[in-house]
Amino acid sequence: MTGVVETTPALPPSALKVRDAAGRLGLAIAIRAMPQSTRTADEAAAACGCDVGQIVKSLVFAGKASGAPYLLLVSGRNRVNEKAAAGVIGEALTRPDADAVRASTGFAIGGIPPFGHATAMPTFLDEDLLGYDLVWAAAGTPSAVFSVEPRALAQAIGAKVMRVT
């Protein structure tokens, strides 16, 4: 029997969902299953061998009045100024609990990708991510990542660029 021998570990179902969603968006990505956790920005930067600023944190907020979910794609180096972000979004923000985040995205915190979510939501990209040629984002699990050009990502998902700090 001849054929190609698969030398990489099989991707978990949640990472396959991300791969398929990227294909539908026209993004060519290669998901890397890491032997260590990439759950935090610092862990992901160490695993990827990049600057922590190149890590995309996918943070879900909810509108205080509407309850609508909003996705903020934030540089691993930055913290969100919620008041400033609310000014751009148009309503005060709250942080939903882990169950609400999973319900909105279909993914657990620590593995939330920038696309492929269970619920469509307005998405905002931290302008600091545009300072890098490549950024790294979660691929559906706390130990799978992919790299992408940040401008291509923003365009593919229709993200609005904003200052988050």
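Reply: Glu-149 caps the N-terminal end of α5 (150-157), with a side-chain oxygen 2.9 Å from the backbone nitrogen of Arg-151. A polar contact here is a pair of N or O atoms within 3.5 Å; within protein, one must be able to donate a hydrogen and the other to accept it, and residues adjacent in sequence count only if both atoms are side-chain atoms. Helices (H or I, at least four residues) and strands (E, at least two) are DSSP runs, numbered from the N terminus.

This is a predicted model, in which local features need pLDDT of at least 70 and side-chain atom pairs count only at pLDDT 80 or more, while totals for chains, interfaces and linings use all residues. Residues are numbered from 1 along each chain as its sequence is written, and side-chain values use heavy atoms, with hydrogens and water left out.

Within α5, the buried residues are Pro-150, Leu-153, Ala-154 and Ile-157. Buried means under 20% relative accessible area, exposed over 50%, and partly exposed in between (1.4 Å probe, protein chains only). Viewed down the helix axis, the buried residues of α5 fall within an arc of 95°, so they line one face of the helix; the arc is that of the directions from the helix axis to the C-beta atoms. Arg-151 and Gln-155 are exposed, on the face of α5 turned away from its buried side. Just after the helix, Gly-158 has a positive phi of about 70°.

The buried residues of α5 pack against α1, β3, β5 (123-126), β6 and β7. Contact means heavy atoms within 4.5 Å. Phe-115 touches Leu-153 and Ile-157, and its other partners include Val-18, Ile-29, Phe-107 and Phe-146, not counting residues up to four places away in sequence.

Leu-153 also belongs to the largest nonpolar core, which has 29 residues; Leu-153, Val-18, Ile-29, Ile-31, Phe-115, Leu-125 and Phe-146 touch the most other members. Such a core is a set of buried Ala, Val, Leu, Ile, Met, Phe, Trp, Tyr and Cys residues joined through side-chain atoms within 4.5 Å. At least two residues of this core come from each of α1, β2 (55-63), β3 (69-75), β6 (135-138), β7 (144-148) and α5. The largest share, four residues, is supplied by α1. Another core, of 13 residues, lies apart from it and includes Leu-59, Tyr-70, Ile-89 and Val-164.
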